[in-house]
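Hi,

Here is the structure I promised to pass on to you.

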Amino acid sequence: VALRMGEAANAGIATPVMQDVQTTVQSAMAQITQQAAPLFTALLIVARAPPGQPLTPQQQEKISSVFPNEANDLFKNIAEVLPEDPQVTQLKRIADKLECVEAKLDRLIKAKGGADVGSE
């Protein structure tokens, strides 16, 4: 059968078996496309969301438009459970400490009257 299908394909002859195979493949590809596109859309939304934070209303709306409620809830939970990147966490700590130092320096400047600090 496979040999005859190969010969028919090479000869360009459209046999009923070849037409059935072609129809089946085309319908399967259409189903795969319909089911894969929403999945990839949702995965991109979750990948771009800040780790450890809930999805924004716009992101939730987009996911709910392409998925049923069960899958929508699953993607919300995934986004909230993903841990934050350790590098981002450390950078946030550094930024917080710098803000504290800046506030302390501002208080010192105000306590000294402001004029003395600039001349040192």
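**What I found**

Leu39 sits in helix 2; helices here are DSSP runs of H or I with at least four residues, strands are runs of E with at least two, and both are numbered from the N terminus. Because its relative accessibility is 36%, Leu39 counts as partly exposed; the cut-offs are under 20% relative accessible area for buried, over 50% for exposed, and partly exposed in between (1.4 Å probe, protein chains only). The C-alpha atom of Leu39 is 8.2 Å from that of Val66, a residue 27 places away along the chain.

Before the rest, a word on the model. It is a predicted one, in which local features need pLDDT of at least 70 and side-chain atom pairs count only at pLDDT 80 or more, while totals for chains, interfaces and linings use all residues. Residues are numbered from 1 along each chain as its sequence is written, and side-chain values use heavy atoms, with hydrogens and water left out.

The protein chain has six helices and zero strands. Of its 120 residues, 12% count as buried. Taking contacts (heavy atoms within 4.5 Å) between residues at least 6 apart in sequence, 46% join residues at least 24 apart. The chain exposes about 9,600 Å², with carbon and sulfur atoms supplying 60% of that; accessible areas come from the Shrake-Rupley method with a 1.4 Å probe, and for residues only the protein chains shown count as cover.

Now the inside. The largest nonpolar core has seven residues: Ala42, Ile45, Val46, Ala49, Leu55, Ile63 and Phe67. Such a core is a set of buried Ala, Val, Leu, Ile, Met, Phe, Trp, Tyr and Cys residues joined through side-chain atoms within 4.5 Å. Helix 2 (residues 16–48) gives the largest share of this core, three residues. Leaving out residues up to four places away in sequence, Ile45 touches Gln59, Lys62 and Ile63.

Gln59 belongs to helix 3 (residues 57–66) and counts as buried because its relative accessibility is 18%. Apart from neighbours within four places in sequence, Gln59 is in contact with Ile45 and Ala49. A polar atom of the Gln59 side chain also lies 2.9 Å from the backbone nitrogen of Thr56.

Best wishes

Note on methods: A polar contact is a pair of N or O atoms within 3.5 Å; within protein, one must be able to donate a hydrogen and the other to accept it, and residues adjacent in sequence count only if both atoms are side-chain atoms.
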